[in-house]
Amino acid sequence: MRTADPELHRQRRQQIVGAAVELFATKGLAKTTTAEICRAAGVSTGNLFHYFPSKLAIFYALFEVDRDEWDELFAATAADPDPWAGLMRVVDQLAADAAHPVLAGLLVEIFAQAHRDPECAALVAEGDQRMLRGITALVERLVADGRADPVVPPPDAARWVLTTTDAFHTRGYPEPDRDRTTEIAQAKQVIARLLGHPEGR
């Protein structure tokens, strides 16, 4: 009996999810069909259902891919001897994600689904808590190193870091032509001042 290759299985799942992302972002979950996902992923219907039992399961897998990517990044920042450099990597990644052409539409669909679907809402909350834990750990290291003196406890400071970087998403519609390079630099300056880091002085 042939044993399944776990890495190949993971890659095939990611291939299907990657193909579905743009469809979910542009057409929405309800209007996207499994046939469209199959065509975009280059797989048969039978093959698709070998990896996912339903279209909704593919949608939920978006959170799995996001979790894996952020777990990898936070593991790298934990190993970095410079927690400020690690935090700036997180800010850069948040900015890069926000600049992706399908992300705005995808976020709209995710929050709409979360509003009516408790499982989706739980996945959104879990992802938010993961981000808060990862950023809090970096702030705590900065404080322990004497390189930060936030006016609020580290968990609250981490929440304000995320609130600041949320502007990368929310300013997209009213200001589509804004200077992203300047915006990122300004966000980092604001975060440095918030944390009482020397970069903000």
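Visitor: Which helices each supply at least two residues of the lining of the largest pocket?
Guide: In this predicted model, those helices are α1, α4, α5, α6, α7, α8 (154-165) and α9 (167-170).

Visitor: And which one gives the most?
Guide: α4 does, with ten residues in the lining.

Visitor: What's the volume of that pocket?
Guide: About 1,200 Å³.

Visitor: How many residues line it, and which lie nearest the centre?
Guide: The lining has 39 residues. Nearest the centre are Asp-66, Trp-70, Leu-103, Leu-107 and Ile-110.

Visitor: How does the lining split by class?
Guide: There are 21 nonpolar residues, ten charged and eight polar.

Visitor: Which of its residues are buried?
Guide: Among them are Ala-57, Phe-59, Phe-63, Leu-73 and Thr-77. Trp-70 is buried too, and Trp-70 is also one of the residues nearest the pocket centre.

Visitor: What do the buried ones pack against?
Guide: Six helices: α1 (6-27), α2 (34-41), α3 (45-51), α5 (83-99), α6 (103-116) and α7 (118-144).

Visitor: What is it in contact with, leaving aside neighbours within four places in sequence?
Guide: Glu-36 touches Leu-23, Lys-27 and Lys-31.

Note on methods: Residues numbered from 1 in each chain as written. Predicted model: local features only at pLDDT ≥ 70, side-chain atom pairs only at ≥ 80, totals over all residues. Heavy atoms only, no water. Buried < 20%, exposed > 50% of the residue type's maximum accessible area, 1.4 Å probe, protein only. Helix = DSSP H or I, 4+ residues; strand = E, 2+ residues; numbered from the N terminus. Contact = heavy atoms within 4.5 Å. 1 Å grid on protein atoms, 1.4 Å probe; cavity = no way out; pocket = protein on both sides within 12 Å on 5 of 7 lines; lining within 4 Å. Points joined across faces, edges and corners; volume = space filled by probe spheres on them. Nonpolar A, V, L, I, M, F, W, Y, C, P; charged D, E, K, R; others polar.
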